[in-house]
Amino acid sequence: VIANVQIGDAGWPVSATLDSAIEAVNVSGDLGDEVGGSVSLTKNLQRAIGYGNSASNGLTVAGASAALTVADPGEGASTVTFDPNDSKGLVFDNSTVTAPTVTAAYGVLHDQSVRANVTASAGGEGGLAVSVGTDVQDSSRVVNDTNTFVAAAYGNDATSSVTVKPGQLDTGVDGGFASVANVTNVQSVGGAAAITAAATGGNVIRTNVGESVENSSVSTSGNAIQALAYGNRSTGNTVTVEGTNIDTAPALSDSVRGGATITGGQTLVTDAAFSVQNAQSAQGSVTATQRGATDAAQVRVAIGDGVSGSSIAADDNTSTASATSNSAVNALAIKATGLATTGAVQNLQTTSANMSALIGLAGTSPDLGGDFDYAIGGTGLSHDSETNTFTAGTLTIDTSSLDQAAVDYLVDDGWSVGGPNQLSRSAIGFSATAVDYLDLTLGGSFART
């Protein structure tokens, strides 16, 4: 049997900090400039991780020709006593008399408790950044993809396994039953312990182009920002049994033992040949946040000037704040050609912890913009004075004096990019007075707001 005991006392806090770490690619001038170019920042990881307690233990008994004979210990495979009123929050470890026990022939016992704060912080002025000072042009590529920014805090974290793979397994020493294999995981966060993960820093994944993007691509996609906080986590409490012949059945005169019980709401017992037992309790607080004092962690793409013949993508990015009081994965697997046995899985989880998962801040009110003036020219026009609409021709707008917001508005209104600094559309059906038409036939233009 493997027994692992870890204690995080109230006077010993744990802190992990990633402050202003930066991974960056910077081009001070143009990217491309007639021959094209590429910059890439991909698959990078920035991470702060704090553990109150962490353990991974496994026990394996195996042999193709091995024949195991196991005797009955005379009691259940494992016992855990739960005292929800313990003054220190050590609800499973309140005395040496009632401490968790494993009496199976092959077993792993994890007993973890923490009463101190555990904090993981990732933030500051760093992050993952790609910057081009002026233009991106001539079939160039800017890639800032599949990067990860993480803060993760764990009060208790464990994984436990027992694997039994004999050729033959027999508990028939006296024709009776035996507890062969057991995994028991016991975890508690007690008292006022605060488990906190903070992934902050504003634009932690960012792509910036100082001026225009022409006939090129800019991608900031598949990135992840994560704040993960767990009071108690067990990623695997597993018992695996494989053999040609597994026989743990008692003689007919004996009773079959294959249960998991809770007595008086406080005593947890597994009593089977193969069993898994998990007990977790959380107090205090568990917080996962992406909020700073004035901003929140985010992915940002900024283009300083126009975009033409290009693609700008910010796809499949994720932002996660996850706070979990108790989490466990329990599994019992038995495989044999000849099988006569019992199994049990028992799970107890309880929490009184304050839980918070915080992401984003309230945005600012939108800028509604205002009116703007522009001039419309045209070629090949015909006009119907009765309906005041054009019946043939093409209309154009010189956009050299318009800002990008005005151009975007006109494109949304049905105009198309016809060339550098020009929008165009079919004149058919467009409303215009006879005076407007006269201005155009004289080689001028007419105004719109």
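Me: Hi! How many aromatic pairs are there in the whole structure?
Reply: Hello! A search turns up eight of them. Do bear in mind that the model is predicted.

Me: Let's take Tyr51 and Tyr154. What sort of pair do they form?
Reply: A stacked one, with the ring centres 5.0 Å apart and 15° between the planes.

Me: And where in the sequence do those two tyrosines lie?
Reply: Tyr51 belongs to strand 5 (residues 45–69) and Tyr154 to strand 12 (residues 148–170), so their pairing ties together parts that are 103 residues apart in sequence.

Me: Is Tyr154 buried or exposed?
Reply: Tyr154 is buried, at 7% relative accessibility.

Me: Which residues make up the cluster with Tyr51?
Reply: Tyr51, Tyr154 and Tyr230 form one aromatic cluster. Tyr230 also has Arg233 lying over its face, at 5.3 Å from the ring centre.

Me: Where does the charged end of Arg425 sit?
Reply: Over the ring of Trp415, 5.3 Å from its centre.

Me: OK, new topic: Thr342. Where is that one?
Reply: You'll find Thr342 in the loop between strand 26 (318–340) and strand 27 (343–351). Thr342 is buried, with a relative accessible area of 16%.

Me: What lies 3.1 Å from a polar atom of its side chain?
Reply: For Thr342, that is the backbone nitrogen of Ala273.

Me: Now helix 1. Which residues are buried there?
Reply: Helix 1 covers residues 404–412, and Ala406, Val407 and Leu410 are buried in it. Looking down the helix axis, the buried residues fall within an arc of 100°, so they line one face.

Me: Why would residues three or four places apart point the same way?
Reply: Because an α-helix has 3.6 residues a turn.

Me: Nice. What do the buried residues of helix 1 pack against?
Reply: Three strands: strand 29 (374–384), strand 30 (389–398) and strand 32 (422–426). On the other side of the helix, Ala405 and Asp412 are exposed.

Me: Last one: what caps the N-terminal end of helix 1?
Reply: Asp403 does, with a side-chain oxygen 3.3 Å from the backbone nitrogen of Ala405. Just after the helix, Gly414 takes a positive phi of about 115°.

Notes: Residues numbered from 1 in each chain as written. Predicted model: local features only at pLDDT ≥ 70, side-chain atom pairs only at ≥ 80, totals over all residues. Heavy atoms only, no water. Phe/Tyr/Trp six-rings, centres within 6.5 Å; stacked < 30°, edge-to-face > 60°. Helix = DSSP H or I, 4+ residues; strand = E, 2+ residues; numbered from the N terminus. Buried < 20%, exposed > 50% of the residue type's maximum accessible area, 1.4 Å probe, protein only. Lys NZ or Arg CZ within 6 Å of the ring centre and 35° of its normal. Polar contact = N/O pair within 3.5 Å; in protein donor to acceptor, adjacent residues only side chain to side chain. Arc of directions from axis to C-beta. Contact = heavy atoms within 4.5 Å.
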